[in-house]
Amino acid sequence: MSNRKVIAVVRATGAQGGGLVRAILKDKDSGFVARVLTRDLNSPRARELAKMGAEVVAADVDDVESLKKAFAGAYGAYCVTFYWAHFSPEKEQAEAKAMAAAAKAAGLQHVIWSTLEDTRKWVPLSDNRMPTLMGKYKVPHFDAKGESDHFFTDAGVPTTFLLTSFYWDNFIHFGMGPKPGPDGKLAITLPMDDKKLPGIAAEDIGRCAYGIFKKGNELIGQTVGISGEQLTGTQMAAAFSEVLGREVIYNAVPPEVYRSFGFPGAEDLGNMFQFKRDFEAYFCGKRNPEFTRSLNPALLDFKTWLVQNKNAIPVEDAVQTA
Ligand SMILES: NC(=O)c1ccc[n+]([C@@H]2O[C@H](COP(=O)([O-])OP(=O)(O)OC[C@H]3O[C@@H](n4cnc5c(N)ncnc54)[C@H](OP(=O)(O)O)[C@@H]3O)[C@@H](O)[C@H]2O)c1
């Protein structure tokens, strides 16, 4: 046990971190130990991970001293922020800065930072193809992460920068599942035109992170993109139809329509999808599924994920009229 390398996992009770903890625990010969960081040692998810064999410690990304304590003695850390809890790019950057500072203080040998592109490198604020949001961002939840990369490099933390993809779990938890249109037909709505959207099962992100840690120093200093499969809206709708046994169509809307949907974050997501649409070759190219599978041989494709999760996907039916 004492020779095993401790990986401290931020947001380990969440999707990305949880996947990593479960991947480490499942591999009995892994040479790694998972340390769960949580704000609530007694939450059902924290207790479940403890029961599975993880070390569980209290920490809050808003409290850098608690992070330093939680990282102490570890070999590595998985660092992720949670934009949708506060919708603040500045707070997200503060979280990243605190994690980088704590990683440096603890002398960690390998950190994976779950980042995304700073889209302003492709779409400067002067580019009016999409609106500037909050005064200085195009895609706030991407830009804040990408802009935060420098906290890790500036601090000299040995870091792998992990570019994740759209979680297919958004069809379960983010209100993106099939809904009836005015014609009563079930549809998934995305502003992607006929372009491919790289997607991944959220659980696979942690399995890929485990693959990165297992490679030792090989990917330190590199930016690594992952996806399970890259599909158009039409292809995803076809998979839904096959697995649900009911016709699902793809409702392609322009990004400006998506931005106007009014739910919290709709403008941010409208810009995000437009970025993925307009820079498809770059965005897909950076997230090669074959490379991803080399990190994580158990990587799911979309149809397999759908078969496993079809009962959890809320499917709204059209209101029946007499
Ligand atoms: N949805 C997508 O398609 C997608 C795609 C790519 C990237 N992302 C990014 O993924 C990130 C979210 O990761 P996730 O999905 O793994 O998160 P998640 O599953 O929602 O994580 C939730 C966990 O975050 C922890 N948490 C919340 N506030 C905290 C704090 N102040 N300090 C410590 N822990 C805190 C909570 O743990 P405790 O209560 O146990 O402390 C909670 O269990 C976001 O930044 C998002 O932009 C999302």
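On a 1 Å grid over the protein atoms alone, a pocket is an open set of points where a 1.4 Å probe fits, with protein on both sides within 12 Å along at least five of seven lines, and its lining residues have an atom within 4 Å of a point. The model is predicted, so that local features need pLDDT of at least 70 and side-chain atom pairs count only at pLDDT 80 or more, while totals for chains, interfaces and linings use all residues. Residues are numbered from 1 along each chain as its sequence is written, and side-chain values use heavy atoms, with hydrogens and water left out.

**View 1. Lining of the second largest pocket.** This pocket is lined by 18 residues, among which Gly175, Gly177, Lys179, Thr189 and Phe261 lie nearest its centre. Strands E8 (179-180), E9 (186-190) and E13 (248-252) each supply at least two lining residues, and E9 gives the most, with three; strands (DSSP runs of at least two residues) are numbered from the N terminus.

**View 2. Burial of strand E6.** Because five of the five residues of E6 (residues 159-163) are buried, this strand is largely enclosed by the rest of the structure; buried means under 20% relative accessible area with a 1.4 Å probe, protein chains only. Thr159, Phe161 and Leu163 are buried on one side, and Thr160 and Leu162 on the other, which leaves both faces covered.

**View 3. Strand partners of E6.** E6 pairs (at least two DSSP bridges between two strands) with strand E5 (residues 110-115) in the parallel sense over five bridges, and Thr115 stands opposite Leu163. Strand E11 (residues 223-225) runs parallel to E6 and is joined to it by three bridges, with Gly225 as the bridge partner of Leu163.

How values were computed
Helix = DSSP H or I, 4+ residues; strand = E, 2+ residues; numbered from the N terminus. Buried < 20%, exposed > 50% of the residue type's maximum accessible area, 1.4 Å probe, protein only.
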